[in-house]
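Here's a quick briefing for anyone meeting this structure for the first time. Have a look at the fold, then read on.

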Amino acid sequence: PVFQGMETCVTATWMKFLYQMLRLTGESKYADEMETCLYNALLASMTPDGSWWCYYTSLQGERFYSHQQFADVGLSCCVANGPRGLLTLPYWASMTSKKGIALNFYGNVKSNLSTPSGKELSIDMETAYPEDGKIRMEIGIDKAENFSIDLRIPGWSKKNRLTLNGTPLDTYLLSGTYASIQREWKNGDVLELELDMRG
């Protein structure tokens, strides 16, 4: 039997809707849901080499890849829309606001952003997440500036640990919210977040 989950086109559309909800409300639950969709539905529906996509990503059993719907261009709707879902990631991975930066996605990425005053800012992230809950973030900024960096603390992560330049900041860590650190950020500042990876 085929246990049909969510269609790939619907997954991509759902992620685009969640991005808009995150952008409009600033509530971390929407980023939590995008992360779940990214790993459990969208990436799971792609062939290992990235060349084709499943119509439905079953919750168990065998995956069945989409048939070719449009022979003239060699596509199906899943093959066209799966990448659209993936391309939402740069929009929600790190976001800016009038008060500062929000980091929603944890991966080996370097984000090039602007501070509230318009200065160039980079955040270099190192992690094996989601295999491991340890995330290291180094700030790159030419001149010190006071603004907020908000780190998404997933709703499922119950025991969390955060340090700034080695000093614990555990008072900031409520599951399902953002850890908001408002301070004067300097070049080379290091945030280290450890999430609770229990099943």
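**A first look**

Strand 7 and strand 8 (residues 167-168) pair up antiparallel, with two bridges between them. Two strands count as paired if DSSP finds at least two bridges between them. Helices (H or I, at least four residues) and strands (E, at least two) are DSSP runs, numbered from the N terminus.

This is a predicted model, in which local features need pLDDT of at least 70 and side-chain atom pairs count only at pLDDT 80 or more, while totals for chains, interfaces and linings use all residues. Residues are numbered from 1 along each chain as its sequence is written, and side-chain values use heavy atoms, with hydrogens and water left out.

**The overall picture**

- The protein has four helices and ten strands.
- Reading from the N terminus, the elements go α-α-α-α-β-β-β-β-β-β-β-β-β-β.
- Of its 199 residues, 44% are buried; buried means under 20% relative accessible area, exposed means over 50%, and partly exposed is in between (1.4 Å probe, protein chains only).
- Take the contacts (heavy atoms within 4.5 Å) between residues at least 6 apart in sequence: 55% of them join residues at least 24 apart.

- Strand 10 has another antiparallel partner in strand 5 (residues 134-141), over five bridges, and Ile-135 has Leu-193 of strand 10 as its bridge partner.

- Another open sheet has four strands in the order 1-2-6-9, with mixed pairing.
- Strand 1 (94-96) and strand 9 (177-185) are the edge strands, each pairing on one side only.
- From one strand to the next, the twist averages 20°.
- Helix 2 (residues 28-42) packs on this sheet and touches strand 6 (145-153) and strand 9; its direction makes about 55° with that of strand 6.
- Strand 1 pairs with strand 2 (residues 100-103) in the antiparallel sense over three bridges, and the partner of Thr-96 in strand 2 is Ile-101.

**How the helices pack**

- Two packed helices are described by the angle between their axes and the distance between the axes.
- Axes are lines fitted to C-alpha atoms, for helices over the stretch in contact, and angles run from 0 to 180 degrees between N-to-C directions.
- Helix 1 and helix 2 pack at about 160°, with their axes 9 Å apart.
- That makes helix 1 roughly antiparallel to helix 2; angles over 145 degrees count as roughly antiparallel, under 35 as roughly parallel, 65 to 115 as roughly perpendicular and the rest as oblique.
- The crossing of helix 1 and helix 2 is left-handed, a term used if the near helix is turned anticlockwise from the far one by less than a right angle, with right-handed used if clockwise.
- The residues of this contact include Trp-14, Met-15 and Leu-18 from helix 1, along with Met-34, Cys-37 and Leu-38 from helix 2.
- By class, the contact of helix 1 with helix 2 has 13 nonpolar, three polar and one charged residue; Ala, Val, Leu, Ile, Met, Phe, Trp, Tyr, Cys and Pro count as nonpolar, Asp, Glu, Lys and Arg as charged, and the others, Gly among them, as polar.
- Helix 1 (residues 8-25) also meets helix 3 (residues 77-86): their axes come within 8 Å and cross at roughly 25°.
- Helix 1 and helix 3 are therefore roughly parallel, and this crossing is left-handed too.
- Among the residues making this contact are Ala-12 and Lys-16 of helix 1, and Asn-81 and Arg-84 of helix 3.

**A spot to check: Ser-175**

- Where is Ser-175? Ser-175 lies in the loop between strand 8 and strand 9.
- Ser-175 is partly exposed, at 28% relative accessible area.
- Ser-175 and Ile-153 are 22 residues apart in sequence, yet 5.3 Å apart in space, C-alpha to C-alpha.
- Beyond its neighbours within four places in sequence, Ser-175 has contacts that include Ile-153, Pro-154 and Asn-160.
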